[in-house]
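Please look over the sequence and the structure shown here before reading the briefing that follows.

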Amino acid sequence: MLRNGLEPWHLLILAVVVVVVVVLFGSRKLPDTARSLGKSLRILKSEAKAMKEEIGKDSPAATASAAATATTAGPDRGTASPAEPTAVGAGADA
């Protein structure tokens, strides 16, 4: 089906498309359009990378590793340990 990647008529169609784009948008707006397209692609790539990392965190191996780290690291500073009761009714007793 695709023995030859680029044949002469492919190049002709590409040249016609380029000419039409230049005529429609003009040479002044093309750099701005290309810049905007580049920014959009960079944003898309960074979001895709963030989603892959987030999916990687949700994998069973990653959650098991995180759970093992949490149990060996000890309680967080933000949580009350059994030796430190919370001050729920401290205002009434004082």
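Helix α1 spans only 49 Å between its end C-alpha atoms, whereas a straight helix of 50 residues would span 74 Å at 1.5 Å a residue, the expected span being 1.5 Å times one less than the number of residues. There is a kink of about 95 degrees in α1, centred on G26, where the bend at a residue is the angle between axes fitted to the seven residues ending there and the seven starting there. This is a predicted model, in which local features need pLDDT of at least 70 and side-chain atom pairs count only at pLDDT 80 or more, while totals for chains, interfaces and linings use all residues. Residues are numbered from 1 along each chain as its sequence is written, and side-chain values use heavy atoms, with hydrogens and water left out.

**Fold and confidence**
- The protein has three helices and zero strands, where helices (H or I, at least four residues) and strands (E, at least two) are DSSP runs numbered from the N terminus.
- The mean pLDDT (the predictor's confidence in each residue, from 0 to 100) is 74, and 57% of the residues reach 70 or more.
- Where pLDDT is low, the predicted coordinates should not be read in detail.

**Surface**
- Buried residues make up 0% of the 94 residues, with buried meaning under 20% relative accessible area, exposed over 50%, and partly exposed in between (1.4 Å probe, protein chains only).
- The protein exposes about 8900 Å², of which carbon and sulfur atoms supply 66%; accessible areas come from the Shrake-Rupley method with a 1.4 Å probe, and for residues only the protein chains shown count as cover.
- A nonpolar patch on the surface is formed by W9, L12, I13, V16, V17, V20, V21, L24 and F25, with about 860 Å² of accessible area together; patches are made of residues with over 30% relative accessible area and no salt bridge, like charges being joined within 9 Å and nonpolar side chains (Val, Leu, Ile, Met, Phe, Trp, Tyr) within 5 Å.
- F25 lies in helix α1 (residues 8–57) and counts as partly exposed because its relative accessibility is 46%.

**Salt bridge**
- The count comes to one salt bridge, defined as a side-chain nitrogen of Lys or Arg within 4 Å of a carboxyl oxygen of Asp or Glu.
- D32 forms a salt bridge with R35, with the closest N and O atoms 2.8 Å apart, and the two are separated by about one helical turn because they are three residues apart in helix α1.
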